Amino acid sequence: GSPVVGRLATNSFVVGLLSAGVSVAVALPIAYWLRYAAGRWRLFVLFLITATLFASYLVRIYAWRSILGEHGLLNDGLRRLGIISHPLGFLLYNRFAITVALVHIFLPYVVLVLFAGFGPMSPALLESAQDLGANALARWRRVVLPLIAAPAASAFLFVFVLSASDYVTPQFLGATRDVMLGVQIQANFKGVGNWPLGAAQSFLMLVAFVLCYGLIAGGLRLLRLDRIRWST
């Protein structure tokens, strides 16, 4: 019932939703290109994507502090191009910086999950849809998205759960108003030693994640039923 906890939970939900949504939206065309259009570049690009996973979690967070800071790479580049005369201070220590870092951290995993999801989808399906008169938008809406919905939902949940419960990134890239529930839980356990409150908040966060899983699973089931009804 605490308004502070409610605000922290809202921050966690918004950051988790933004991180998961952006990650899936960016990874979907990349995975599609790798599966159907990359050709001989496929293994090389997959190697580059996999190689990014060897970078430490904290190293990537510090890298974004160096990029988005007032004297960072982005501000220095914009000043040299004459676009700005003063550093853009709003790029760092806010929800935007947290979301950018989390998307960068989890994007390789989402690309690999969606690439694997595209694996069983034969190119003949898209060719058949094109032969039947479906344009690119119709092929994505009627063929690609329904078949990739389950892997995309799994990737979305993966990023959402880990982003919403993250407590390291908000401490390095966020401001006081952007503190998330994971930071409060960590403070209850290690800061003030209030283990019962920390455990209760952790359990409630787990229940919220289970509810999100139930909602997405129910949505996928309805989508599957609509597909069966449409095909019959």
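**The lining of the largest pocket**

Guide: By class, the residues lining the largest pocket are 12 nonpolar, 4 polar and no charged ones (Ala, Val, Leu, Ile, Met, Phe, Trp, Tyr, Cys and Pro count as nonpolar, Asp, Glu, Lys and Arg as charged, and the others, Gly among them, as polar). This is a predicted model, in which local features need pLDDT of at least 70 and side-chain atom pairs count only at pLDDT 80 or more, while totals for chains, interfaces and linings use all residues. Residues are numbered from 1 along each chain as its sequence is written, and side-chain values use heavy atoms, leaving out hydrogens and water.

The largest pocket has a volume of about 360 Å³ (a pocket is an open set of points on a 1 Å grid over the protein atoms alone, with protein on both sides within 12 Å along at least five of seven lines, and lining residues have an atom within 4 Å of a point). Of its 16 lining residues, those closest to the centre are Ala 9, Leu 181, Leu 204, Met 205 and Ala 208. Two or more lining residues come from each of H1, helix H7 (136–164) and helix H10 (195–231) (helices are DSSP runs of H or I, at least four residues, numbered from the N terminus), and H10 gives the largest share, 7 residues.

Helix H1 (residues 3–36) also packs with helix H9 (residues 181–191), at an angle of about 130° and with their axes 7 Å apart (axes are lines fitted to C-alpha atoms over the stretch in contact, and angles run from 0 to 180 degrees between N-to-C directions). H1 is therefore oblique to H9 (angles under 35 degrees are roughly parallel, over 145 roughly antiparallel, 65 to 115 roughly perpendicular, and the rest oblique). Here Val 5, Leu 8, Ala 9 and Ser 12 of H1 meet Leu 181, Gly 182 and Gln 184 of H9, with contact meaning heavy atoms within 4.5 Å.

Technical notes
On a 1 Å grid over the protein atoms alone, a cavity is a set of points where a 1.4 Å probe fits but cannot get out, and a pocket is an open set with protein on both sides within 12 Å along at least five of seven lines; lining residues have an atom within 4 Å of a point. Grid points are joined across faces, edges and corners, and a volume is the space filled by probe spheres set on the points.
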